[in-house]
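Q: I have a model open and want to learn to read it feature by feature. Can you take me through it?

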Amino acid sequence: MSDDINNKSKKNLDNHEFPLEDVIKKVFKKYGIKKKYNANVVLVSWDKIVGSQISENCFPVSIDKGILKLKVKNSAWSHHLMMMKKEVIQKINSYINENLVKDIFFSAGYYGEKKKYLIEDNIDNILENTIQPIVLNNSEIEEIKKSTKKLKDKKIKSKLDYIIIKQKALEKAKEANGWSKCLLCDTLVAPESKYCFNCNLNLNQNRSGKIEEFLIRKPYFSYKDLNRYFELSEEEYNIIKKSLFFKLLRILLTEDYKSDKEFEAIIVMLVSKNKVEDLNEKQISEVIDKLKKKFGKKEE
C-alpha cells in the first residue's frame with residue numbers, strides 16, 4: 001500500500017516538474033527571453049564554468065548583445081585570457097548549451113582599445129534605454145498569462161508574466177518608434193540600421209578574418225598599404241593586426257610548437273613591418289626570443 005502511495009506521489013512530482021520545464025522552454029523561445037536567462041546563469045555559475053584558477057583572476061561583469069565583459073586582475077592575466085578566449089567561449093556556450101557568447105572584451109588592455117568600437121556598435125542598446133515601454137492592452141496581457149497558465153507555482157508564473165509583459169511592452173514601443181527586424185534575423189533594430197548587433201558582429205568577424213588572411217600573406221603592410229584593398233579606419237587596422245599577432249603568438253607559445261622559420265618570420269614582420277628580404281635568421285631568432293621571454297615561455 002505504501003509503495004502505491006509513493007509511486008503515486010512520484011508520478012505527481014514528475015507531472016509537476018516536467019511540464020514546468022517544458023512550459024518555461026516554450027515561453028522563453030516564444031518571447032525571446034532565453035538569452036537573458038542564460039546570461040544570468042553564466043554570471044552565477046562562473047566558477048563552475050571556467051574553474052577556480054581563472055575565476056580567481058577575473059569575474060564577469062555582464063553579457064550583452066553576445067559580448068561578455070570581464071573584469072581582469074591585471075594586464076598579465078588580460079593577455080593570458082586573450083590567448084584563451086576561444087576556449088573560454090566554448091566552455092561557456094557548452095555549459096548553457098547555446099551559442100550565447102560570441103566575443104569577450106576585457107577591462108584592461110584590449111578592452112580599453114575597443115571602448116569606442118563598443119559604444120558605436122551598441123547604439124541600438126543605447127537607444128533602447130531611451131524608449132519608454134507602451135502599456136499593453138488587456139487582450140495582450142491575457143494572451144501572455146494564457147501562455148504560462150500550465151505553471152503550477154504561482155510565484156514563478158507571476159515573475160515570468162512580469163518579465164514577458166515588460167519585454168513585450170518594450171518591443172511594442174520600438175515598433176511604434178520605427179524599429180524594424182534585422183535583415184538576417186527577427187531582432188528589432190533602430191531606424192536606419194540594417195543588422196542587429198550579433199549579426200553585425202558576425203559580418204565584421206568574417207571581414208576581419210579576410211583581412212587577417214591578407215596580413216598573413218603581407219604582414220609588413222602598413223595601414224596605407226592595406227587601405228588600398230580594404231576600406232577601414234586606422235584604429236580598426238591596429239585592432240585586427242594586434243588580434244592576429246596574439247593568435248600567432250599563442251601558437252608560438254604552445255608546448256608542442258616546433259620551430260618554423262617562415263611562421264616566425266610572419267610574426268617578426270608584423271612587429272617590425274620589415275619585408276622578408278630585409279630580415280635574416282639572426283634577426284628573426286632575436287625577436288622571437290624576446291617575445292618568448294616577455295610573454296612567459298622559458299627556453300629549455
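What follows is a dialogue that goes from the whole chain to single residues.

Q: What kind of model is this, and what does the secondary structure of the chain come to?
A: This is a predicted model. The chain has 16 helices and five strands.

Q: How many residues are there, and what percentage is buried?
A: The chain has 300 residues, and 38% of them are buried. The accessible surface comes to about 19100 Å². Carbon and sulfur atoms account for 51% of that surface.

Q: Which share of the contacts joins residues at least 24 apart?
A: Start from contacts between residues at least 6 apart in sequence. Of these, 58% join residues at least 24 apart.

Q: How do I read the sheet? In what order do the strands come?
A: The order is β1-β2-β3, in an open sheet with mixed pairing. The edge strands are β1 (58–64) and β3 (103–106), each of which pairs on one side only. Neighbouring strands are turned by 30° against each other on average, with direction ignored.

Q: Which way do β1 and β2 run, parallel or antiparallel?
A: Antiparallel: six bridges join β1 to β2, which covers residues 67–72. Take two cross-strand positions as landmarks. F59 stands opposite K71 in β2. I63 has L68 in β2 as its bridge partner.

Q: How many residues lie between β1 and β2 in the hairpin?
A: Two. K65 sits in that turn and has a positive phi of about 55°.

Q: Which helix lies across β2 and β3?
A: Helix α6, residues 85–96. Helix α6 runs at about 120° to β3.

Q: Now the interior. What is the general idea behind a nonpolar core?
A: In soluble globular proteins, nonpolar side chains tend to be buried together. Here the largest nonpolar core has 54 residues, and W46 and L249 touch the most other members. Helix α14 (residues 234–252) supplies the largest share of this core, eight residues.

Q: Which residues is L249 in contact with, beyond its neighbours in sequence?
A: Leaving aside neighbours within four places, the contacts of L249 are M83, L291 and F295. Another core lies apart from the largest one. This other core has ten residues, including V27, F28, Y31 and I164.

Q: How is a pair of aromatic rings described?
A: By the distance of the centres and the angle of the planes. The count here is ten aromatic pairs. In one of them, the rings of Y220 and F221 have centres 5.6 Å apart and planes at 70°. The angle is over 60 degrees, so the pair is edge-to-face.

Q: Are Y220 and F221 buried or exposed?
A: Y220 has 18% relative accessibility, under the 20% cut-off, so Y220 counts as buried. F221 is buried as well, at 8%. Both belong to one aromatic cluster, formed by F214, Y220, F221, Y229 and F230.

Q: What about charged residues? Is K241 buried or exposed?
A: K241 is buried, with a relative accessible area of 9%. K241 is in helix α14. Leaving aside neighbours within four places in sequence, K241 is in contact with L215, P219, F221, L270 and K273. The C-alpha atoms of K241 and Y223 are separated by 9.8 Å, and these residues are 18 apart along the chain.

Q: And D161: where is it found, and what does it touch?
A: D161 is found in helix α11 (residues 154–176). At 7% relative accessibility, D161 counts as buried. Not counting residues up to four places away in sequence, D161 touches I144, K145 and T148.

Key: Residues are numbered from 1 along each chain as its sequence is written. This is a predicted model: local features need pLDDT of at least 70, side-chain atom pairs count only at pLDDT 80 or more; totals for chains, interfaces and linings use all residues. Side-chain values use heavy atoms; hydrogens and water are left out. Helices (H or I, at least four residues) and strands (E, at least two) are DSSP runs, numbered from the N terminus. Buried means under 20% relative accessible area, exposed over 50%, partly exposed in between (1.4 Å probe, protein chains only). Contact means heavy atoms within 4.5 Å. Accessible areas come from the Shrake-Rupley method with a 1.4 Å probe; for residues, only the protein chains shown count as cover. Two strands pair if DSSP finds at least two bridges between them. Axes are lines fitted to C-alpha atoms, for helices over the stretch in contact, and angles run from 0 to 180 degrees between N-to-C directions. A nonpolar core is a set of buried Ala, Val, Leu, Ile, Met, Phe, Trp, Tyr and Cys residues joined through side-chain atoms within 4.5 Å. Rings of Phe, Tyr and Trp (its six-membered ring) pair if their centres lie within 6.5 Å; planes under 30 degrees apart count as stacked, over 60 as edge-to-face and the rest as tilted.
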